[in-house]
Amino acid sequence: MQDKILVIGSSGQIGSELVAELRSNYGDSNVIASDIVASNQIIMDSGPFEILDVTDSKRLYEIVKKHEVTHIYLLAAILSANAEKKPKLSWDLNMQSLFNVLDLAKDKIIKKVFWPSSIAVFGPNTEKIKTQQYTITEPNTVYGISKLAGERWCEYYFNKHNVDVVSLRYPGLIGWKSNPGGGTTDYAVHIFHEAIKNKKYTSFLTKDTTLPMMYMSDAINATLKIMQTDSGKIKIRSSYNIAGCSFNPEELANEIQSYIPDFKISYNKDYRQKIADSWPDSLEDSLAKDHWGWQAEYNMRKLVKEMIENLHKKYNC
Ligand code: NAD
Ligand code: AKB
């Protein structure tokens with residue numbers, strides 16, 4: 001029987017790119033997009049779409065039954081910066097959504113689940129450089145606490161209920177097709193739009209704030225690859241470290257200046273600085289490489305080139 005995929009959170013930064021890639025791999029009609037708000041026109045026009053509040057388990061069940069869904073990619077969440085403003089709402093959404101989906105797999109209504117974790121599971125007591133897979137995880141943000149709890153629940157559902165759930169600790173993701181929503185790494189996307197439109201950008205992180213980052217196509221490839229890997233090869237059922245590249249705002253601005261020489265960056269840190277300061281500089285990801293053949297393709301230089309070229313075309317410069 002043909003696998004049927006439901007993407008929850010299809011209007012977001014990752015969802016809008018993941019749906020397009022899944023539809024080109026599995027066929028438009030086999031990938032159902034869903035979100036609490038409408039998705040972009042390409043997604044709405046290219047295949048099925050359902051309005052869904054994922055905290056509503058009854059509506060989720062109805063959609064799963066209606067489309068005979070076998071696989072769910074759960075992307076709905078409130079990200080780090082917004083979560084600090086609405087802690088209770090964020091905790092409720094980030095956890096309830098996961099339980100609703102894991103329970104469908106526990107009850108054998110669906111076969112497989114993808115759920116993303118984040119570098120936010122680490123905290124100020126974790127080593128900063130080449131942060132290990134197994135290390136101190138003492139997050140001090142609402143978002144990080146929800147991601148760490150989610151990881152523990154994924155592993156629990158696998159061990160206790162044989163639920164086939166896989167997860168990645170995404171770094172900050174950078175893409176040109178969609179805008180980020182309420183994260184701390186968002187500066188590294190906004191900077192490109194402002195550089196091209198206005199030739200200046202004020203960073204809300206200091207110039208030396210190094211964070212793990214990844215080009216969106218690497219993240220999409222990793223997601224598809226771990227979902228397609230034979231279940232027996234997946235040895236970690238909490239979440240895998242995956243690394244792309246690491247840089248700070250000053251290094252990124254310097255690289256952008258090699259394409260836009262009169263681009264100027266200034267700095268005015270805000271509450272997001274504290275969140276960024278609690279996260280690693282770089283990640284160690286050898287277990288993902290060994291277990292299921294993960295390999296990033298984009299370093300900072302290659303990522304900047306792609307971003308600038310594509311955004312130039314998008315803005316018709
Ligand atoms: P996003 O904020 O861009 O998208 C989230 C989507 O979820 C939005 O379209 C929103 O409308 C939807 N949503 C919110 N509440 C909902 C509800 N009740 N029911 C259904 N949909 C709802 O986020 P993103 O950047 O696409 O991230 C997707 C996932 O990846 C999240 O779990 C996030 O924590 C994780 N992640 C993202 C990054 C990154 O850099 N973007 C890094 C690490 C982890
Ligand atoms: C955020 O900044 O909240 C996200 C993440 C790293 O999880 N981009």
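Okay, hi everyone. Before anything else, keep in mind that what you're looking at is a predicted model.

Let's start with ligand 1. Where does it sit? Ligand 1 is in the largest pocket. Its shell has 27 residues, and the ones that come nearest are Q13, I14, D35, Y143 and L173. If you sort that shell by class, you get 15 nonpolar residues, 9 polar ones and 3 charged ones.

Now for some polar contacts. Find D35 on your screen: a polar atom of its side chain is 2.6 Å from an oxygen atom of ligand 1. At I14, a polar backbone atom lies 2.9 Å from an oxygen of ligand 1, and at G12 a backbone N or O atom is 3.1 Å from a ligand 1 oxygen.

How much of ligand 1 does the protein cover? On its own, ligand 1 has 830 Å² of accessible area, and the protein covers 90% of that. As for which elements are around ligand 1, those giving two or more residues to the shell are α1 (13–26), β6 (117–118), α6 (142–161) and β9 (172–174).

Around ligand 2 you'll find L79, S80, S118, I119, Y143, G183, T184, T185 and W279. By class, the ligand 2 shell is 4 nonpolar and 5 polar residues, with no charged ones.

Which side chains make polar contacts here? Take S80, with a polar side-chain atom 2.5 Å from an oxygen of ligand 2. Then there's S118, where a side-chain N or O atom is 2.7 Å from a ligand 2 oxygen.

Last stop: salt bridges. How many are there in the whole structure? A search finds 13. Let me show you one of them, between D164 and K112, where the closest N and O atoms are 3.1 Å apart. Why pick this pair? D164 is in strand β7 (residues 164–166) and K112 is in strand β5 (residues 112–114), so the bridge ties together parts that lie 52 residues apart in sequence.

Methods. Residues are numbered from 1 along each chain as its sequence is written. Chains are lettered from A and ligands numbered from 1 in the order in which they are written. This is a predicted model: local features need pLDDT of at least 70, side-chain atom pairs count only at pLDDT 80 or more; totals for chains, interfaces and linings use all residues. Side-chain values use heavy atoms; hydrogens and water are left out. A residue is near a molecule or strand if one of its heavy atoms lies within 4 Å of it. A polar contact is a pair of N or O atoms within 3.5 Å; within protein, one must be able to donate a hydrogen and the other to accept it, and residues adjacent in sequence count only if both atoms are side-chain atoms. Ala, Val, Leu, Ile, Met, Phe, Trp, Tyr, Cys and Pro count as nonpolar, Asp, Glu, Lys and Arg as charged, and the others, Gly among them, as polar. A salt bridge is a side-chain nitrogen of Lys or Arg within 4 Å of a carboxyl oxygen of Asp or Glu. Helices (H or I, at least four residues) and strands (E, at least two) are DSSP runs, numbered from the N terminus. Accessible areas come from the Shrake-Rupley method with a 1.4 Å probe; for residues, only the protein chains shown count as cover. On a 1 Å grid over the protein atoms alone, a cavity is a set of points where a 1.4 Å probe fits but cannot get out, and a pocket is an open set with protein on both sides within 12 Å along at least five of seven lines; lining residues have an atom within 4 Å of a point. A molecule sits in a cavity or pocket if more than half of its atoms lie within 2 Å of its grid points.
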